Amino acid sequence: QVQLAESGGGLVQAGESLRLSCAASGIILRINRMRWYRQAPGKQRELVAFITSALSTNYADSVKGRFTISRDNAKNTVYLQMNSLKPDDTAIYYCNADVADYSDTYRNYWGQGTQVTVSS
């Protein structure tokens, strides 16, 4: 069974930075696209950024220029560096990935989420 575990959330002031990590564990053959989503109270979950296995990246307009997604394939880990944080960035951040497990079949997995709170 593949599991995704996020870490790095917390409470910061506006303008500060946080770095989120998400490590995949289990029997993993390959990981294709890795993503970060977020969900603020009363709002729908939204895609923040993704990174492909070829290291191509894409960002939501609201975070472009402030957030950077990266990955370490040797560690099966994806990161989200968040700079110049704003109160509107307050949300639960979820990791999501397409993982080929022991069956060599890609399945989509979610982490449990990590809270990011930005105070003004």
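This is a predicted model: local features need pLDDT of at least 70, side-chain atom pairs count only at pLDDT 80 or more; totals for chains, interfaces and linings use all residues.
Residues are numbered from 1 along each chain as its sequence is written, and side-chain values use heavy atoms, with hydrogens and water left out.

Student: Which cysteines form a disulfide?
Tutor: A disulfide is taken as a pair of cysteine sulfur atoms within 2.5 Å. The structure holds 1 disulfide. Its sulfur atoms are 2.1 Å apart, and the partners are cysteine 22 and cysteine 95.

Student: How many residues apart are cysteine 22 and cysteine 95?
Tutor: Strands are DSSP runs (E, at least two residues), numbered from the N terminus. Cysteine 22 belongs to strand β3 (residues 18-25) and cysteine 95 to strand β9 (residues 91-100). The pair thus links distant parts of the chain, with a separation of 73 residues.

Student: Is the link of cysteine 22 and cysteine 95 left-handed or right-handed?
Tutor: The angle about the S-S bond is -80°. With that angle, the link of cysteine 22 and cysteine 95 is left-handed.

Student: Is cysteine 22 buried or exposed?
Tutor: Relative accessible area sets the class: buried is under 20%, exposed over 50%, and partly exposed in between (1.4 Å probe, protein chains only). Cysteine 95 is buried, and cysteine 22 is likewise buried.

Student: Which residues do ring pairs link into a cluster?
Tutor: Rings of Phe, Tyr and Trp (its six-membered ring) pair if their centres lie within 6.5 Å; planes under 30 degrees apart count as stacked, over 60 as edge-to-face and the rest as tilted. A search of the whole structure finds 2 aromatic pairs. Tyrosine 37 and tryptophan 110 form a tilted pair, 4.9 Å centre to centre with 50° between the planes, whereas tyrosine 94 and tryptophan 110 are edge-to-face at 6.4 Å and 85°. The cluster linked by these ring pairs comprises Tyr37, Tyr94 and Trp110.

Student: Why does the pair of tyrosine 94 and tryptophan 110 tie together parts that are apart in sequence?
Tutor: Tyrosine 94 is buried, with a relative accessible area of 12%, and tryptophan 110 is partly exposed at 39%. The pair ties together parts 16 residues apart in sequence because tyrosine 94 lies in strand β9 and tryptophan 110 in strand β10.

Student: What is the phi of leucine 55?
Tutor: Leucine 55 is found in the loop between β5 (46-51) and β6 (57-59). Although leucine 55 is not a glycine, its phi is positive, at about 75°.

Student: Where is the place of aspartate 104?
Tutor: Aspartate 104 also has a positive phi, near 60°, in a residue other than glycine. Its relative accessible area is 43%, so aspartate 104 is partly exposed. Its place is in the loop between β9 and β10.

Student: What is the volume of the largest pocket?
Tutor: On a 1 Å grid over the protein atoms alone, a pocket is an open set of points where a 1.4 Å probe fits, with protein on both sides within 12 Å along at least five of seven lines; lining residues have an atom within 4 Å of a point. The lining includes Arg38, Lys43, Glu46 and Asp88. By class, the lining has 2 nonpolar, 3 polar and 7 charged residues, where Asp, Glu, Lys and Arg count as charged, Ala, Val, Leu, Ile, Met, Phe, Trp, Tyr, Cys and Pro as nonpolar, and the others as polar. With volume taken as the space filled by probe spheres set on the points, the value is about 160 Å³.

Terms used. Helices (H or I, at least four residues) and strands (E, at least two) are DSSP runs, numbered from the N terminus.
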